[in-house]
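Here is a short report on one protein model.

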Amino acid sequence: MDGWFVDDRCFNCDVARQLAPDLIGEVGGRSQIMRAPRDEGETRRLHAAVFACPTRSIRPTSGHADRRLDPFPMALDSGVLLCGHNSRHTAGANSYVLLRPSGTAMMIDTPRWSGGLAERYAAWGPVTDVLLTHRDHAAHGRRYADHFGARLWIHEGDLDAAPDADQVIRGLEPVEIGEGVAAHPLPGHTPGSVLYLADDRYCFSGDSFYWSRTTADLEVPESVIWYSIAELAASLARTAGRIRFEWVLPGHGDRRHLSADDMSRRLTGLAARTRQLQPRPVDFTAVRW
């Protein structure tokens, strides 16, 4: 439409629609350009979607997108950046850089591998740790960790996806990663799913739960539970009362910033709703983005 199109490599990961929901919609199980940008702000949002898309499916008919409009890493808040450049090898998952008061940084899950991108992320501070939320997002973890000279973390339940991890989270109890940062094991989506909580402000939830634009609430990806919906319900019930946060920052699904009290109420409600869910066949197309 008006010089832009989405090619047939799109696998409906929702990443582009998170970044430019007013310009890109879902039609027939894939993203589609709904209208052309009308001003500079919309042009920048469209280019953010372009450079995040894991299949590079959003393209101008005239050739290549303007690399000068690549916004990544993109600040979401004073302490966290969105990496962009999502990888096909992680099913298009979002990844983040968490900035620490010491001047260092941590990476939560990973974008596609590129030495040039790695330098962009490290420019915000030496990356000390690469934190994997679960097995599905492990593809580039070792390579980024080695480049940064950082420690690679994963839970023992998903260790076979990153057997060379430097730090293995074990059991169900929270584990301190660094000052102000803790891992909370949350088995359910996979046996070794983990959420990372930073400063009682940022919750990196992996694929355990996300903000849904459809329901305007926290949701679990009930149609994409590889391990056990009953285990996820138990994990949420165990964890909901232990954590407080203002930002939900998932691997798949949208992000959201609310008050800590509001997030706490919503997480408690999500735990209660999840207890009522039954196992269902895996169906990626049924996710309520």
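## Glu219 and its surroundings

Not counting residues up to four places away in sequence, Glu219 touches Ser208, Phe209, Tyr210, Ser212, Leu270, Arg273 and Arg288. Contact here means heavy atoms within 4.5 Å. Glu219 lies in strand β17, residues 217–219. Helices (H or I, at least four residues) and strands (E, at least two) are DSSP runs, numbered from the N terminus.

Glu219 counts as buried because its relative accessibility is 7%. The classes are buried (under 20% relative accessible area), exposed (over 50%) and partly exposed (in between), with a 1.4 Å probe and protein chains only. The side chain of Glu219 also makes a polar contact of 2.8 Å with the side chain of Thr215. A polar contact is a pair of N or O atoms within 3.5 Å; within protein, one must be able to donate a hydrogen and the other to accept it, and residues adjacent in sequence count only if both atoms are side-chain atoms.

## Basis of the model

This is a predicted model: local features need pLDDT of at least 70, side-chain atom pairs count only at pLDDT 80 or more, and totals for chains, interfaces and linings use all residues. Residues are numbered from 1 along each chain as its sequence is written, and side-chain values use heavy atoms, with hydrogens and water left out.

## His252

His252 sits in the loop between β18 (247–250) and β19 (256–257). Its relative accessible area is 12%, so His252 is buried. Leaving aside neighbours within four places in sequence, His252 is in contact with Thr90, Ala91, Gly92, Ala93, His137, Gly206, Asp207, Tyr210 and Trp289.

## Helix α2

Asp39 caps the N-terminal end of α2, with a side-chain oxygen 3.2 Å from the backbone nitrogen of Gly41.

The buried residues of α2 are Glu42, Leu46, His47, Ala48, Ala49, Val50, Phe51 and Ala52. They pack against β1 (4–6), α1 (15–19), β2 (24–26), β3 (31–33) and β4 (58–60).

## The whole protein

The protein has 6 helices and 19 strands. Its radius of gyration is 18 Å, close to the 19 Å that the globule rule gives for 289 residues, so the protein is as compact as a globular protein of that length. The radius is taken over C-alpha atoms; the rule is 2.2 Å times the number of residues to the power 0.38. Buried residues make up 56% of the 289.
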